[in-house]
Amino acid sequence: MSMPALQTMRPMVRAEGVHKRFGRLEVLRGIDLEVQPREVMMLIGPSGSGKSTFLRCINHLEQINAGRIWVDGELVGYRQVGTTLYELHERELAQRRAEIGMVFQRFNLFPHMTALQNVMEAPILVKRVPRNEAAERARRLLERVGLAEKADVYPAQLSGGQQQRVAIARALAMEPKLMLFDEPTSALDPELVGEVLAVMRQLAHDGMTMIVVTHEMQFAREVGDRVVFMDGGVVVEQGPPEEVLANPKHERTRSFLARIL
Amino acid sequence: MAVDVEPGATFTVVPVRRYGQIVLALVVALLVAWLAAAGASSHFVNPAVVGQYLLNPLILGGLANTIFVSIAAMVIGIVLGVVFAVMKMSSNTVLAAVSGFYIWFFRGTPVLVQLIFWFNGVPAVFHDLSLGIPFTHVIFFSMPMVAFMTPLAASLLGLGLNEGAYMAEIVRGGILAVDEGQVEAAQALGMVSAQTMRRIVLPQAMRVIIPPIGNEFISMLKTSSLASVVTFGELLRRASDIYSSNLFVVELLVVASLWYLLLTTVASIGQYYVEKRFARGTARAERETPWQAALRNLMKLRR
Ligand SMILES: Nc1ncnc2c1ncn2[C@@H]1O[C@H](COP(=O)(O)OP(=O)(O)OP(=O)(O)O)[C@@H](O)[C@H]1O
Ligand SMILES: [Mg+2]
């Protein structure tokens, strides 16, 4: 039982000394970060710097080798009793993941289900929402991302931008308290990027806590509350978008921005 | 040497003459005629006897039994195949090892040996089939093994368990063909691995699994003839029961073969429609007629 006043103080995500290795390759080398509720954090950095890996550690799709991550005050992947960490069971991990939405670069919609079924599936299966209620909510979400008329269409018949908007609706259907976006527009034709960014902008406006890995610097500047620049598995620089993007302090940030802009 | 062609001239196209093919056709025709003549003069096959037994009630019963045991063994095989494929891919190493052993053993021994093992071997070793608590004297249910291990039971066990080992590899291939991102998306939504498998992975794996199931079924229609050794009254057994009393050996083998050919042909045509539905995008599936597909399938059958 915590008091509301304390809850507003609690960061939505807190990472402390996070290390991640793949075999002998150390991909994350001590990440310390905090994301506040309703904050939109833009994560930028060169390819291979560990951005995707960090996102995947937050919902425990990857297990970290050292350090700790909390989401909404709960330790990711473990239960702490005193100084002992107990690994969580699959079912508990799944319950925690259900509270974190994730949107992928390649959409990963379920191709054997219609747009509506894609959005309904997890609430029915994971949250035991009654079918007709789930359908009704799914329709409202599709409407929210501007795809009400595509409810009964299969992913293969949708454009990339439409698929990504369905994927966002699918994540929102679980009523997440945090949304992770991993380069959501990188696989899209340039003319389709705008429609996805518009949905994300609206989501940010509605107060969703978001971590967005992106190469869309214009979008990062407009929508981000904070920009974090990662390179070589560490956070090199962070701050308000206008500072980091316009007046980077570090040489590595500067050369990265020079390359990308 | 350059050839001048008047604009607007019309051409006669002469296809390559395939003389070799014509000669070969003549040779084949001669051989067939010679065989037919030899058969007729030696009374090798009496067509009247074939006709007489083609619709014999015992033969038709055998036909029904062949169809039944093939379908039932396939169902058992598919269920086992899915279970063992999922087990083999499980992160639980005990389950994976059990599954690996099952596949290794049942694919590595002849199905004929397995059939005889179930029918003759098991009742010889275990006198009773009992359900109870192991290492205690508590027994809920018991019956003599010979009463349980009927020819049908032994056939279903032998054919079904063997098929399950082959199906497990087919299903595993299908599961591996599903994009990893699908599993990731399902997990990110909070699904546990069993839910992911059932709702997301297996339905997509079906696309890859279903066409080879057709091949397996066509094979099974023929493999089921091995059940004759455990005295199960399928087509071949019924034919041999008849010829062992009337000695029309060849005629009855012809009768059985005609029915097998009909079964496999019908199944191949059915498979054509199933493949057409599932093997989308492959050029071959769209060009062929059902008849060509049936021929192709009959040619490539194994076992
Ligand atoms: N499952 C894995 N096994 C082994 N190495 C991996 C695995 N996943 C990622 N890596 C490696 O970790 C490093 C960081 O990868 P990551 O995907 O986190 O980078 P990124 O910052 O997201 O890059 P990009 O902008 O290209 O998406 C890369 O060198 C990558 O090859
Ligand atoms: Mg990445």
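Predicted model: local features only at pLDDT ≥ 70, side-chain atom pairs only at ≥ 80, totals over all residues.

1. Cavity search. When the whole structure is searched, six cavities of 30 Å³ or more are found.

2. Largest cavity. Its lining comprises 15 residues. Those that lie nearest the centre are A:Ile58, A:Val76, A:Arg96, A:Arg97 and A:Ile100. At least two lining residues are supplied by each of β5 (74–75) and α3 (90–97) of chain A. The largest share, three residues, is that of α3(A). Sorted by class, the lining of the largest cavity holds seven nonpolar, three polar and five charged residues.

3. Second largest cavity. Residues of both chains line this space: from chain A, A:Ala98, A:Ile100, A:Gly101, A:Met102, A:Phe104, A:Ala167, A:Arg170, A:Ala171 and A:Met174, and from chain B, B:Ala185, B:Ala188 and B:Leu189. Two or more lining residues are given by β8 (100–103) and α6 (160–172) of chain A, and likewise by α8 (180–188) of chain B. The class division is ten nonpolar, one polar and one charged. A:Ile100 is named in the lining of the largest cavity and also in that of the second largest cavity.

4. Largest pocket. This pocket holds about 1000 Å³ of space. It is lined by 29 residues, and A:Glu90, B:Ser91, B:Val183, B:Gln187 and B:Ser193 are the closest to its centre. The elements that contribute two or more residues are α3 of chain A and, in chain B, α8 and α9 (193–223). The most is given by α9(B), with six residues. The lining of the largest pocket divides into eleven nonpolar, nine polar and nine charged residues.

5. Packing of α8(B) and α9(B). These two helices, which both contribute to the lining of the largest pocket, pack at an angle of about 160 degrees with their axes 10 Å apart. Angles over 145 degrees count as roughly antiparallel, so α8(B) is roughly antiparallel to α9(B). The crossing is right-handed. On the α8(B) side the contact involves B:Gln182, B:Val183 and B:Ala186, which meet B:Thr196, B:Ile200, B:Val201 and B:Gln204 in α9(B). The contact has four nonpolar and three polar residues, and no charged residues. B:Val183 takes part in this contact and is also among the residues closest to the centre of the largest pocket.

6. Packing of α3(B) and α4(B). Helix α3 (residues 57–88) and helix α4 (residues 93–108) of chain B pack at about 130 degrees, and their axes are 7 Å apart. The two helices are therefore oblique to each other. Their crossing is left-handed. The contact is made by B:Leu80, B:Phe84, B:Met87 and B:Lys88 of α3(B) with B:Leu95, B:Ala96, B:Val98, B:Ser99, B:Gly100, B:Tyr102 and B:Ile103 of α4(B). By class, these residues divide into eight nonpolar, two polar and one charged.

Definitions and conventions. Residues numbered from 1 in each chain as written. Chains lettered and ligands numbered in written order. Heavy atoms only, no water. 1 Å grid on protein atoms, 1.4 Å probe; cavity = no way out; pocket = protein on both sides within 12 Å on 5 of 7 lines; lining within 4 Å. Points joined across faces, edges and corners; volume = space filled by probe spheres on them. Helix = DSSP H or I, 4+ residues; strand = E, 2+ residues; numbered from the N terminus. Nonpolar A, V, L, I, M, F, W, Y, C, P; charged D, E, K, R; others polar. Axes fitted to C-alpha atoms, helices over the stretch in contact; angles between N-to-C directions. Parallel < 35°, antiparallel > 145°, perpendicular 65-115°, else oblique. Left-handed = near helix turned anticlockwise from the far one by under 90°. Contact = heavy atoms within 4.5 Å.
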